[in-house]
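Subject: Handover of a structure, with findings

Dear colleague,

Please find below the structure that I am handing over to you.

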Amino acid sequence: MKIYVNAPNENWILDRYKTEWNTYNSEYSTTDIASADIIWLLDSYTWDRIDPFLLKNKIVVSTITHIAPEKFDYDAFKRKDQFVNYYHAMCNRSGDDARKITNKPVTSLQFWVNQNIWKELPETNNLRKTYDLPENKVLVGSFQRDTEGSDLKSPKLVKGPDLFCDYMEIMKDSIGENLEVVLAGWRRQYVMNRLDSAGIKYHYFEMCDFETLNKLYNCIDLYVVSSRIEGGPQAVPECAITRTPIISTDVGLAPEILAPESIDNNLSLAIPNLDYAYEKVRQYSMENHLDKFVDFFKSIYNEITFSEIQ
């Protein structure tokens, strides 16, 4: 069984999963799509660059991250659906949503967490000095992209940057100048403009590498997920495995990893629970969870191969 992974090549999360799959499952991986038994479509918008002949004559598995009704292109989904044999959803909610729009089988299976990248580090104060972060401030983190690319000004509402900024203003009212924000990722213009207007200081690390991002998790006092719709976000397992305090709206993976008290759409009511999140996320570490993806693909391959023989 050989799998070709199709990813967007945008230096973002799905590309990391492609790299990790190919690195740690070389036995089942190929970079030659013509020789593959399975084509794994990790994203929803580059599949149509693949020769339709290959899509028709290979086993096709498509990952669904999330479905945002107001932005989801149902026509494009139906065009892809004719080629897809199985869907993989990255959380239970995405799986439930997918089953409403396709008759193809859908399996919900959270992505693995690479414990070689994401881990708790000692000596937080020394880390803060490394990145010129203050030792005596409350640092709140947000590492994502949440400004629309069309104008680099409008908020990407599914990611909830407006809710994040609303909460930062509430925190500022409570703790004043002791609050500072740590931003990473790209297209953060909306958040930076809002924080500037509110007089909240921030530190921006645009598109930093994984080592730096892991260190930033270890620097902050709180990570806030303020999304309205999510398949992840990956900040949830990454915070959990690095033992970074995190609160979240009720989206995506949050109920599968975070304690109930850490989840509230009114973020002011949410309370971090490091121990609960860490114990939950350990089952998704690469060493414990990657084999489940191998089993998933093997079951698809064996089922379709057997049906063809019959």
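Is Leu 152 buried, exposed or partly exposed? Leu 152 is partly exposed, because its relative accessible area is 39%; here buried means under 20% relative accessible area, exposed means over 50%, and partly exposed lies in between, computed with a 1.4 Å probe on the protein chains only.

Before you read further, please note that this is a predicted model, in which local features need pLDDT of at least 70 and side-chain atom pairs count only at pLDDT 80 or more, while totals for chains, interfaces and linings use all residues. Residues are numbered from 1 along each chain as its sequence is written, and side-chain values use heavy atoms, with hydrogens and water left out.

Backbone features

Leu 152 lies in the loop between strand E6 (138-143) and helix H6 (161-175). Helices (H or I, at least four residues) and strands (E, at least two) are DSSP runs, numbered from the N terminus. Although Leu 152 is not a glycine, its phi is positive, at about 50°. Most residues other than glycine have a negative phi, and most peptide bonds are trans. Arg 243 also is not a glycine and has a positive phi, of about 55°. Arg 243 is placed in the loop between H9 and E10, and it counts as partly exposed because its relative accessibility is 25%. The peptide bond from Gly 232 to Pro 233 is cis, with omega near -5°. Pro 233 belongs to the loop between E9 and H9.

How many residues of H9 are buried? The count is 8 of its 8 residues, and H9 is thus mostly covered. The buried residues of H9 include Glu 238, Cys 239 and Thr 242. As a group, the buried residues of H9 pack against H1, H8, strand E9 (222-225), strand E10 (246-248), helix H10 (254-257) and H11.

Val 236 is a residue of helix H9. Val 236 counts as buried because its relative accessibility is 0%. Leaving out residues up to four places away in sequence, Val 236 touches Val 225, Ile 246, Leu 253, Ala 254, Ile 257 and Leu 258, where contact means heavy atoms within 4.5 Å. Val 236 and Leu 258 are 22 residues apart along the chain, and their C-alpha atoms are separated by 7.8 Å.

The packing of H9 with H11

Two packed helices are described by the angle between their axes and the distance between the axes. H9 and helix H11 (residues 274-281) pack at an angle of about 105°, with their axes 8 Å apart. That angle makes H9 roughly perpendicular to H11. Axes are lines fitted to C-alpha atoms, for helices over the stretch in contact, and angles run from 0 to 180 degrees between N-to-C directions; angles under 35 degrees count as roughly parallel, over 145 as roughly antiparallel, 65 to 115 as roughly perpendicular and the rest as oblique.

Which residues make this contact? H9 contributes Pro 237, Ala 240 and Ile 241, while H11 contributes Ala 277, Tyr 278 and Val 281. These residues divide into 6 nonpolar, no polar and no charged. In this division, Ala, Val, Leu, Ile, Met, Phe, Trp, Tyr, Cys and Pro count as nonpolar, Asp, Glu, Lys and Arg as charged, and the others, Gly among them, as polar.

Tyr 278 of H11 counts as partly exposed because its relative accessibility is 26%. Apart from its neighbours within four places in sequence, Tyr 278 is in contact with Ala 240, Ile 241 and Arg 243.

Helix H7

In helix H7 (residues 189-198), the buried residues are Tyr 190, Val 191, Met 192, Arg 194, Leu 195 and Ala 198. They pack against H6, E7 and strand E8 (202-206).

The lining of the largest pocket

The lining of the largest pocket consists of 50 residues, of which Glu 10, Trp 12, Thr 65, His 66 and Arg 145 lie nearest its centre. A pocket is an open set of points on a 1 Å grid over the protein atoms alone, where a 1.4 Å probe fits, with protein on both sides within 12 Å along at least five of seven lines; lining residues have an atom within 4 Å of a point. H1 gives the largest share of this lining, 5 residues. By type, the lining divides into 26 nonpolar, 10 polar and 14 charged residues.
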